Amino acid sequence: MPGMRGTVLSCRYDIAVVGSGFAGSLLAMIAQRLGLCVILLERGTHPRVVIGESSTPLSNLLLEELATRYNLSNLRPLSKWGSWRVTHPELPCGLKRGFSFFHHLPGQSGSIMRESQLLVAASPHNAIADTHWYRADFDQFLVREAQNLGVDYMDKIHLREFAENGGEVRLSGTRNGSGVTITARFVVDATGPRGFLHRALNLGENALPDFPATQALYSHFRGVPRFDKIGAAIVESEPPYPIDDAAMHHVFNGGWVWVLRFSNGIISAGVAATDEVANRLKFADGAPAWERLLQQLPVLREQFSTAEAVQPFQHISQLAFRSASVTGPNWALLPSAAGFVDPLLSTGFPLTLLGIARLAGIIEHNWGSESFTMRLSDYAARTDAELLVTSRLIGALYANMANFPVFATLSLLYFAAASYAETARRLGKPYLASSFLLHDHPQFGPACAHLLGRALTIQSSRESEALIEDVFRAIEPIDVAGLGDRTRHNWYPVTADDLLCAAHKVDASYGQILQMLDRCGFRPATLQISAQS
Ligand SMILES: Cc1cc2nc3c(=O)[nH]c(=O)nc-3n(C[C@H](O)[C@H](O)[C@H](O)COP(=O)(O)OP(=O)(O)OC[C@H]3O[C@@H](n4cnc5c(N)ncnc54)[C@H](O)[C@@H]3O)c2cc1C
């Protein structure tokens, strides 16, 4: 980049992207591909350890769509475990075949029974499975890709000021003790919650209604055996996928533990919990608090008995966040800077990628036109609405962590909406599922909001049972994954038959579903129902 080593640097760009996590790099690459002059600014250096690792079918589909639309061919293989491992074996990742949940009672040792499990497969086989992104290497790869495309990149920059001047923005700060000024027509903030613009513009924070105050504590480990090897879960028949090749969720009253396995032998694990739990266990203490937590969860204590933390423990004292503003005349926060709820259900990536796709569309179609500002307001409203619906869902799940049947059934609202949205997009019908969790769907949206409200105040087993019945009723019209089949007893595989039976729900014929499955690399050996029927 010209002048990068000078004492005072002054450059002019169309777009300055602040923060080079995966989201900042991706947006910078897209803007560059759209012919704009782009700089990516990073406070630290790569590689660096960062949290937020587990992808989902919708995240991977969005990544694939963006890579295709904006001709980012090197990124496309990263949207599936199989093509990732073949094309980029040097980049560690984890195999994620599904979402595994296990409910723990206080002090409970011994096996976790089937009724305290929820296994939701996200893919039928490994080749097209989702992944856990080992962010240190993944993010570094994306920054290099951005640079290869022509994005200017500056690390170790400490930005202090954001000033608007005649339709332009001036960002100033220091790098290696020298002054730096960067002028851009537009700034995208990809620095995460309570990040750069939050502080520089004093944007303020709004509450997330009905969401408890929560904290997190986490690290990376080595030497953690698989859960299925310690025999902690009752698995009386073949589960829909190997239970550890998943995002593992260990749920207890007031919180949950995640365990993610990477191909380089690293295991990411941590806990998110209400203030009540976090303060009782003194999360701020780091490693000793993790030990105290394990004392209360004997099954996990056994799994982690040989574990060694390879990173210092990180404590986040306020996990959830909602910015009071999302855009201004010449700036926008990516969804990941505009808010965050909780790692539960891995909603961070899809929300961020949906926002990137929308912002990319605005840059592509409205850059330099009068409609730009109006479209930005629409982006802001949708970003905030999607954050709120996520917080309503996860707030209801927190409220029922001691009531696993309700917790598991409420989760199906998410899985039903996510699999419907994925199917609609894969069929080329994104208009059927234009919002996260289908919150603007005319029937499902209001029904879901109502059920999540009820879930906050359950007092009796009768209310629990009634809510469970109503959730199954609500998901039926959008269920393309057999989630309403109660004979599956909380284990849900991915089957072609479920999709075929639900073809009418996505306005598709059997033939269209079969073609879609073929395009996705899912060629079922047998079908229960005839494709002709
Ligand atoms: C504990 C936890 C677990 C999570 N787990 C998941 C999960 O499993 N799945 C999921 O989908 N989501 C998860 N998330 C959410 C996920 O982390 C985010 O959605 C994702 O990291 C957003 O990526 P990003 O690139 O926008 O931001 P980040 O990954 O946060 O990257 C921000 C970058 O900006 C840089 N930066 C910060 N401040 C400045 C500054 N002032 N100037 C310049 N650069 C700056 C940072 O150094 C960093 O490189 C989790 C979040 C938390 C807190």
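**Entry 1: salt bridges**

I started with the charged pairs and found 23 salt bridges in the structure. For this count, a salt bridge is a side-chain nitrogen of Lys or Arg within 4 Å of a carboxyl oxygen of Asp or Glu. This is a predicted model, where local features need pLDDT of at least 70, side-chain atom pairs count only at pLDDT 80 or more, and totals for chains, interfaces and linings use all residues. My residue numbers run from 1 along each chain as its sequence is written, and side-chain values use heavy atoms, with hydrogens and water left out.

**Entry 2: Arg175 and Asp155**

I looked up Arg175 next and saw its side chain meet that of Asp155 in a salt bridge, 2.7 Å from N to O. This pair links distant parts of the chain, 20 residues apart: Arg175 lies in strand S9 (residues 168-175), and Asp155 sits in the loop between strand S7 (152-154) and strand S8 (157-165). Helices (H or I, at least four residues) and strands (E, at least two) are DSSP runs, numbered from the N terminus.

Are these two partners buried or exposed? Arg175 is buried at 14% relative accessibility, and Asp155 is buried at 15%. My cut-offs are under 20% relative accessible area for buried, over 50% for exposed and partly exposed in between, with a 1.4 Å probe and protein chains only.

**Entry 3: Glu422 and Arg426**

Here I checked a pair within one helix. The side chains of Glu422 and Arg426 form a salt bridge at 3.0 Å, N to O. About one helical turn separates them, because they are four residues apart in helix H12 (residues 404-426). I noted Glu422 as buried, at 18% relative accessibility, and Arg426 as partly exposed, with a relative accessible area of 21%.

I then turned to Arg454, whose side chain meets that of Asp470 in a salt bridge (2.7 Å, N to O). The two are 16 residues apart and link distant parts of the chain, with Arg454 in helix H13 (residues 444-455) and Asp470 in helix H14 (residues 461-475). Both count as partly exposed: Arg454 at 27% relative accessibility and Asp470 at 21%. I also noted one network, in which salt bridges that share partners join Arg48, Arg135 and Asp139.

**Entry 4: cysteines**

How many disulfides does the structure hold? I found zero, taking a disulfide as a pair of cysteine sulfur atoms within 2.5 Å. For Cys93, the nearest cysteine sulfur is that of Cys520, 19 Å away. Cys93 is buried, at 1% relative accessibility. Cys501 is in no disulfide either, and the nearest cysteine sulfur, that of Cys520, is 18 Å away. I put Cys501 down as partly exposed, with a relative accessible area of 45%.
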